[in-house]
Amino acid sequence: MAARGLITGDDGFDRCAWHGNLEDYRRYHDEEWGRPVADDHRLFEKICLEGFQSGLSWLTILRKRDAFRAAFSGFDFDKVAEFGEEDVERCLADAGIVRHRGKIVSTINNARRAKELRAEFGSLAAYFWSHEPDASERPKTVDFETLIANPTTPASVRISKDLKKRGWTFVGPTTVYAFMQAMGLVNDHIEGCFCRAPIEDLRRRFARPAA
């Protein structure tokens, strides 16, 4: 019997249970979630989409991701930073995305803040990876109970406070921690998930971007 928080797929592999064995969600778990990312557009996309997720499920956002990419110029923050009120209205009329004015305006604002962050640190990747938590801040065992009990961490609180100070919006510590989990700044595939060891290996070999 699989441990709590794990689910066995029809392929016989034990995985984190949160994808519920839904095909697209399971593919996201297996092929994306937790793999370290250094691409600025992907990092910007993810932190924006985590903001859109607030109050919703990630599956809802995942299934709308292509529409979000079309609406927001592939999350090229140089392009999104130039959006104006007509683009806000265009997005509000787009049934393919989450039509929330505050979150749309936040994405445009954050694109402008992302340009400032890149100017200071050289890349978004260099900024975010400079906040990677060290081993002393990580749990000895990553299990279901630990993750449920810790929707935020000291590192996500620090990043959230710093981003807010820099003018970013919709970047609370829970949102930031979900971003960290997805982009590989931590490995939160739980013990027993078949992805955990390969992700650890990827993280060991990953070249951290420097400012």
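This is a predicted model: local features need pLDDT of at least 70, side-chain atom pairs count only at pLDDT 80 or more; totals for chains, interfaces and linings use all residues.
Visitor: Which residues of helix H1 are buried?

Guide: Helix H1 covers residues 23–31. Buried here means under 20% relative accessible area. The residues of H1 that count as buried are Tyr25, Arg26, Tyr28, His29 and Asp30.

Visitor: What do the buried residues of H1 pack against?

Guide: Their partners include a strand, E2 (14–16). The others are helices. In order, the buried residues of H1 pack against strand E2, helix H2 (40–53), helix H3 (58–63), helix H4 (65–71) and helix H11 (173–182).

Visitor: Is Leu62 buried or exposed, and which residues does Leu62 contact?

Guide: Leu62 is found in helix H3. At 12% relative accessibility, Leu62 is buried. With neighbours within four places in sequence left aside, Leu62 is in contact with Asp24, Tyr25 and Tyr28.

Visitor: How many Å apart are Leu62 and Ala111 in space?

Guide: In sequence, 49 residues separate Leu62 and Ala111. In space, taken from C-alpha to C-alpha, they are apart by 20 Å.

Visitor: How many disulfides are there by the distance rule?

Guide: A disulfide is a covalent bond between the sulfur atoms of two cysteines. The rule asks for a pair of cysteine sulfur atoms within 2.5 Å. For Cys48, the nearest cysteine sulfur is that of Cys91, 11 Å away. By this rule the count of disulfides is zero.

Visitor: Which cysteine has the sulfur nearest to that of Cys195?

Guide: Cys195 is buried, at 5% relative accessibility. Cys195 is in no disulfide, and the nearest cysteine sulfur is 4.4 Å away. That sulfur belongs to Cys193.

Visitor: Where does H6 stand relative to H7, in terms of orientation?

Guide: The axes of helix H6 (residues 85–92) and helix H7 (residues 101–121) come within 10 Å and cross at roughly 135 degrees. The crossing is right-handed. Angles over 145 degrees would count as roughly antiparallel, and 65 to 115 as roughly perpendicular. H6 and H7 are therefore oblique.

Visitor: What residue classes make up the contact of H6 with H7?

Guide: From H6 come Glu85, Val88, Glu89, Cys91 and Leu92, and from H7 come Arg101, Ile104, Val105 and Ile108. By class, the residues of the contact of H6 with H7 are six nonpolar, no polar and three charged.

Visitor: What is the orientation of H10 to H11?

Guide: The axes of H10 and H11 come within 8 Å and cross at roughly 115 degrees. That angle makes H10, relative to H11, roughly perpendicular.

Visitor: How many charged residues are in the contact of H10 with H11?

Guide: H10 gives Ala155, Ser156, Val157, Ile159, Ser160, Leu163 and Lys164, which meet Pro173, Val176, Tyr177 and Met180 in H11. By class, eight are nonpolar and two are polar. The number of charged residues in the contact of H10 with H11 is one.

Visitor: Where is Ser73, and what is its phi?

Guide: Most residues other than glycine have a negative phi. Ser73 lies in the loop between H4 and helix H5 (77–80), and is partly exposed, with a relative accessible area of 30%. The phi of Ser73 is positive, near 50 degrees.

Visitor: What is the phi of Phe170?

Guide: Phe170 sits in the loop between helix H10 (154–165) and H11. At a relative accessible area of 36%, Phe170 is partly exposed. The phi of Phe170 is also positive, near 55 degrees.

Terms used: Residues are numbered from 1 along each chain as its sequence is written. Side-chain values use heavy atoms; hydrogens and water are left out. Buried means under 20% relative accessible area, exposed over 50%, partly exposed in between (1.4 Å probe, protein chains only). Helices (H or I, at least four residues) and strands (E, at least two) are DSSP runs, numbered from the N terminus. Contact means heavy atoms within 4.5 Å. Axes are lines fitted to C-alpha atoms, for helices over the stretch in contact, and angles run from 0 to 180 degrees between N-to-C directions. Angles under 35 degrees count as roughly parallel, over 145 as roughly antiparallel, 65 to 115 as roughly perpendicular and the rest as oblique. A crossing is left-handed if the near helix is turned anticlockwise from the far one by less than a right angle, and right-handed if clockwise. Ala, Val, Leu, Ile, Met, Phe, Trp, Tyr, Cys and Pro count as nonpolar, Asp, Glu, Lys and Arg as charged, and the others, Gly among them, as polar.
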